[in-house]
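Visitor: I would like to learn how to read salt bridges in a protein model. Please start with the general idea and then go to the case shown here.

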Amino acid sequence: MTKLFQYFPDKSPEEIKNIEISGSIIVSQIIEDTVAQLSGDDTVYSGNGSTIQDGGINVLKIDTNSIISGFSTNQYVKIFGVTEYDDNVLAPIPDTNNTTFAKTGSGSGFTYYYWVSQYHLRNGKIGISSQISSLNGVSHVGLDDFNLDNHITLTVARQDTDHGLLVYRQKFSGLGTDGNANINDAKLTAILGPKELDTNTSGIIWKDYGNFDQTAWSPKGTDNEFTNDQIHFPNTPSTTNLRGWDIAQIKSVTFTSIVLDRDLKTNIGIGTTSAVKFVHDNTKEFEQSISKVVNNNSRSINLPAGTYLTNTFTVPSNFSLNGSGNNTVIKQQYFATDLNDGSSTNLNFEGNLIGLGTATGKDVSFNDITFDGNNGNNIVYQSSLDNYLLYFPNIEESTFNNVRVRNAPADGVYLDNSTRVNLNNVSITDGSLSDRETYIPLYTQSSNVLRINNSLFENYSGPVDVSASTIISLVGNVIRNCGTGLKTFGVDKIRSSDNIILGPADEFIPTNDIYDSDFDSVNLNVERGVDFFGPVIQYIEDGEPKDISSTKVAFTSLGISTIINENQNDESLSDTTEVDFEVITPNGGSFGRENGYFQLKLTTAKTNQLALNTSYGYQIRAKEFIDIVPGFTTSFSIKEGEFNTIGAGATQYTITLKDINDFSGISTGDVVKLVDHSSSPSLEATELTVGEKVVDSSLVKKLVLTGFTTTSVSSGQETGYIVLRKIFTIAKGRVGVS
């Protein structure tokens with residue numbers, strides 16, 4: 001009953017008690033009041049800022065030259081060209097002693113000059129630009145002819161990891177001579193953030209590929225340079241320090257001005273202008289609105305048409321976010337790297353626009369809404385998990401219906417380890433400003449029961465990836481210019497029909513991406529915090545169970561490793577093993593290793609060592625020594641053997657084959673052992689490598705064996721035979737961790 005006072009303040013308690021009103025009407029009023037706090041206006045406004053006294057405190061007032069509407073008291077705005085009043089720290093000048101550039105490849109016709117400046121990643125403050133060494137610039141081919149073999153490499157530095165770098169390029173037609181460098185002709189070419197800089201502060205390599213890696217859907221200009229669509233950073237190098245950005249709450253509004261709740265400095269004092277830009281910011285409003293409807297047991301928000309700017313927000317389980325069609329857009333804020341939301345809530349430094357508020361979620365739905373990554377006004381992060389515009393791992397019983405995801409700075413939608421998720425009429429398009437890096441439109445690995453129907457995926461450098469999942473239905477989708485198209489290897493059960501898969505030139509890709517991988521066999525799901533017991537597997541060779549008992553084979557690889565170069569053709573496992581399996585199957589018995597059976601185990605201590613949201617794979621490899629090589633009927637007998645020296649320092653042992661016809665059965669590089677062969681010292685326990693095959697005559701053929709250093713006493717006589725090492729994969733696959 002007390003909640004009704006908020007919506008009927010003019011009623012007395014007695015009158016409220018007598019109101020007969022349905023619960024649905026009450027909920028409708030709550031939702032309407034909640035949505036009213038959000039602003040669907042994404043206009044970039046301009047004005048001049050000045051400090052005034054309001055209520056006895058200094059605050060910033062922004063005056064515009066025209067009538068503005070859509071602003072109200074208590075809303076939040078993001079302002080560009082300001083700094084907190086008591087913040088007197090300026091962005092540092094670049095370390096030009098550690099900056100150089102050089103060209104790769106050959107060619108001339110144009111001269112290029114470069115400037116760099118630093119900016120603060122979280123508050124946007126901009127430092128003075130400095131020209132990179134060599135007043136003569138570098139002579140090279142035109143930007144349209146830049147490629148992997150013809151480009152310019154910059155080596156740059158920054159003060160610390162709190163700062164990013166701005167790179168400016170001047171293109172001059174003609175030969176470089178002193179005086180041709182003109183800072184006013186340089187254009188902003190790159191905004192370097194965590195992806196490009198990693199954690200390095202010096203020796204940072206950035207390559208200018210000209211127009212080579214510019215995507216067709218990029219908002220950048222004809223020389224792959226930023227245009228006026230980029231809101232904050234100067235398009236030509238700045239010769240003065242510049243203020244950054246901040247979020248503040250509106251204290252009061254007039255027809256032509258807004259007054260903020262605190263004082264912010266403009267560029268007056270370090271520059272000559274008080275001009276600022278400002279936009280609505282819904283970061284705090286989304287947080288408050290979702291909290292409000294959840295507390296009132298509504299569990300949904302209906303957004304009217306409009307474009308809602310926000311840094312980020314999360315949704316809880318049992319929640320629906322509904323739009324009104326293509327014209328309801330949630331857009332990532334211009335440079336969404338703010339430290340906080342304008343109040344006391346700190347924001348993570350990541351590129352996920354929307355995600356779950358908990359580690360797992362259930363019954364979440366998005367309907368009739370567009371998510372826009374504003375990729376020309378945002379940076380890319382080092383970790384791929386920080387780059388997905390929609391980030392929903394471990395989600396269950398959820399639906400994406402009539403949802404559009406566009407203009408992501410990097411990756412699109414992440415649904416790893418999801419269960420019973422439906423994507424219907426989803427459009428994920430135009431990701432990233434560069435096609436040199438691999439970015440994924442949709443990632444659903446390790447999912448169980450996933451339906452993707454009547455959807456569109458277009459313009460990404462990476463494929464739609466549903467690998468290593470259990471039950472997948474993909475029907476009636478269009479996948480166009482998305483890497484290798486549709487990546488499905490390692491899926492247990494899949495139906496993929498009536499899909500149109502096209503390459504970058506609209507050529508048909510006739511099949512899913514099912515190229516042979518080291519990780520597409522038996523996939524495992526490991527739960528942290530408990531013992532893991534894998535499935536009982538039987539290894540078959542040539543149609544028969546193979547004896548893999550411990551007396552026959554030895555394991556050479558028995559652990560879980562991180563997958564490197566994921567989604568690329570050179571995908572592989574890291575050399576570093578995270579944890580090693582135990583093989584708990586006994587040698588004997590009907591279901592023992594003698595009959596090809598084995599089972600893997602991890603203890604609780606080991607499962608806890610595996611990280612969540614990491615791409616893992618495993619490969620169980622074994623070796624054995626075979627005495628009869630396929631294609632031959634007997635073993636390879638030894639006629640005689642000889643050390644390369646008698647005494648200290650023997651490193652080679654040359655054997656003469658008893659049967660010259662065995663010569664073709666062994667190749668250089670093969671690893672062998674000598675069985676029952678007499679030599680002093682004995683080499684029987686040593687794995688020897690065939691370093692050379694020698695033909696003395698048509699009747700004398702020899703093998704030079706290496707891989708040891710010993711003090712020899714005597715060579716061997718006509719005894720023993722050769723066994724050949726065979727390494728084979730027993731099982732392999734991907735490893736999901738939950």
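Guide: This structure holds 25 salt bridges, a salt bridge being a side-chain nitrogen of Lys or Arg within 4 Å of a carboxyl oxygen of Asp or Glu. The model is predicted, so local features need pLDDT of at least 70 and side-chain atom pairs count only at pLDDT 80 or more, while totals for chains, interfaces and linings use all residues. Residues are numbered from 1 along each chain as its sequence is written, and side-chain values use heavy atoms, with hydrogens and water left out.

Visitor: Which residue meets R436 in a salt bridge?

Guide: The partner of R436 is D213, with N to O at 3.0 Å. R436 lies in the loop between β28 (427–429) and β29 (442–443), and D213 in the loop between β11 (204–208) and β12 (244–253), so the pair ties together parts 223 residues apart in sequence. Strands (E, at least two residues) are DSSP runs, numbered from the N terminus.

Visitor: Is D213 buried or exposed?

Guide: Buried means under 20% relative accessible area, exposed over 50%, and partly exposed in between (1.4 Å probe, protein chains only). D213 has 9% and is buried, whereas R436, at 36%, is partly exposed.

Visitor: Which residue forms a salt bridge with R406?

Guide: That residue is D372, the closest N and O atoms being 3.0 Å apart. R406 is in strand β25 (residues 395–406) and D372 in strand β23 (residues 364–372), so this pair links distant parts of the chain, 34 residues apart. D372 is buried at 7%, and R406 is partly exposed at 30%.

Terms used:
Helix = DSSP H or I, 4+ residues; strand = E, 2+ residues; numbered from the N terminus.
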